[in-house]
Amino acid sequence: METASTIILIGSSLLIVSILTSYLALRIGTPLLLIFLGVGLFAGIDGIGGISFNDANSAFLIGSIALAVILFESGLDTKLSSYRAAAWPALSLATFGVAITSGVVGVAAHFLLGLPWIESFLVGAAVSSTDAAAVFFLLRVGGITIRDRVRSTLEIESGSNDPTAILLTAMLVEAALHGWGTPLELAGFLVKQIAGGAVLGVLGGAGLAAFINKARLDPGLNPVVTLAFALFLFAGTNELGGSGFLAVYAAGLVAGNVKLRGALGLRQFHSGLTWLSQIVMFVMLGLFATPHDFRAIALPALALAALLILLARPLAVWLCLLPFRFSANEKTFMAWVGLRGAVSMLLALVPILGELPGGQVIFNTAFLVVIVSLAVQGWTIGPMARWLKLIVPPRRGPVERFELELPFRLQPAVGSRIIHPKVPPRVLPS
């Protein structure tokens, strides 16, 4: 009983500290995810809290659940109109861009860290995808307004590139443990993951929307249904050999773009749940980190972070966007908005779970790269947009919509009259 109370007290205290420090972060412009990560570090084994947390399996389980929740909300909040405007450039970045970034960083990691080739490319795969939470927050809440096509490209890319990075990581770990398969086996693995995740996600999203609309449950149950279904779809797709992360994103995208009963309440619920997931995941990863081990790889990791920000990401953006009509300033901005986050650190746990010799080095390197990315890129997105002259006037001020659902239809009683209020005549100025 005392142990349970202690754990709950520690967990709730960390949440409260994270929320309170986020208020200060908003005032001074600090990326919120960096604050959450810092709370975990200060509470961890090398911080003032001294909390020891080194269970990689639990960290990966908690992180996977949190990431599934975040991706479902990302899809739920993305309009298909954004896809019509920016689908092809975004998907090009989410696939070929991830592969290019992974390759460039992997080659550099081999020489800077002295890791075997497969483990070096695991470093590249871990940091190859952008963070949906960071990009969505900084573009939507960060106080800058840019062209719809540029914003949509970045948001769709950040929401859809995680499955590609996850597939690369899974393939490389399997290759490190069991050797490379035949080209046909590798192609089959990719097709099964992508097609399985996409098909099950679309069907699942359509089924979820139909159930909510037809079942007409109590409004308080609808958010519970969507959360349970998203987690069920995520785990079930993984069990069937597809990509669970792609499936929950696709399900959220489908459900978020059809008429959905109680849609506003659902979006508010999942928005709050996404905040909770981000806080839990970043604080937990901060607790898992061991900063005293960073000294051995600090300089190579900083060099990799610089190479990622200044070479790998810009190269991927400029090559992938060649067929599309973006100005040089827009490409430069999209290259800069390549923030890394929790997904990178979560993927860096996979080599540890696979007991690869360089697993801890891979995690520590990815952790430092994420810190540098959040600090450097996250702090300068606004100034960069203004310097590149990409800021446009907002179309309208902030609007808060309230949804009102009546429990019954109002019908006039038999024999009654409907009285229309008298509207005073409009007086035109002379």
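Colleague: At which residue of H4 does the kink of about 80° lie?
Modeller: This is a predicted model, in which local features need pLDDT of at least 70, side-chain atom pairs count only at pLDDT 80 or more, and totals for chains, interfaces and linings use all residues. Residues are numbered from 1 along each chain as its sequence is written, and side-chain values use heavy atoms, with hydrogens and water left out. The bend at a residue is the angle between axes fitted to the seven residues ending there and the seven starting there. In H4 the kink comes shortly before proline 89, at alanine 86.

Colleague: How far apart are the end C-alpha atoms of helix H4?
Modeller: Helices (H or I, at least four residues) are DSSP runs, numbered from the N terminus. The expected span of a helix is 1.5 Å times one less than its number of residues. Helix H4 covers residues 80–113, 34 residues for which a straight helix would reach 50 Å, but its end C-alpha atoms are only 42 Å apart.

Colleague: Which residue follows H4?
Modeller: The residue there has a positive phi, near 70°. That residue is glycine 114.

Colleague: How many salt bridges does the structure hold?
Modeller: A salt bridge is counted when a side-chain nitrogen of Lys or Arg lies within 4 Å of a carboxyl oxygen of Asp or Glu. By that rule, the number in the structure is three.

Colleague: How many residues apart in sequence are the parts tied together by arginine 147 and glutamate 330?
Modeller: The side chains of arginine 147 and glutamate 330 form a salt bridge, with N to O at 2.4 Å. Arginine 147 belongs to the loop between helix H6 (132–140) and helix H7 (148–160), while glutamate 330 belongs to helix H14 (residues 328–336), so the parts tied together are apart in sequence by 183 residues.

Colleague: Is glutamate 330 buried or exposed?
Modeller: Buried means under 20% relative accessible area, exposed over 50%, and partly exposed in between (1.4 Å probe, protein chains only). Arginine 147, at 39%, is partly exposed. Glutamate 330 has 4% relative accessibility and therefore counts as buried.

Colleague: In which helix do arginine 151 and glutamate 155 both lie?
Modeller: These two side chains meet in a salt bridge, 3.8 Å from N to O. Arginine 151 and glutamate 155 are four residues apart, about one turn of the helix, and both lie in H7.

Colleague: In which helix does arginine 313 lie?
Modeller: Arginine 313 and glutamate 157 meet through their side chains in a salt bridge of 2.7 Å, N to O. Glutamate 157 is in helix H7 and its partner is in a helix spanning residues 298–320, so the pair ties together parts 156 residues apart in sequence; the helix of arginine 313 is H13.

Colleague: What is the angle between the planes of phenylalanine 53 and phenylalanine 288?
Modeller: Rings of Phe, Tyr and Trp (its six-membered ring) pair if their centres lie within 6.5 Å; planes under 30 degrees apart count as stacked, over 60 as edge-to-face and the rest as tilted. The count comes to seven aromatic pairs. Phenylalanine 53 and phenylalanine 288 form an edge-to-face pair, 6.2 Å centre to centre, with an angle between the planes of 75°.

Colleague: Which residues form one aromatic cluster?
Modeller: Phenylalanine 288 is buried, as is phenylalanine 363. Both belong to the cluster, whose members are Phe53, Phe288, Phe294, Phe363 and Phe367.

Notes:
Helices (H or I, at least four residues) and strands (E, at least two) are DSSP runs, numbered from the N terminus.
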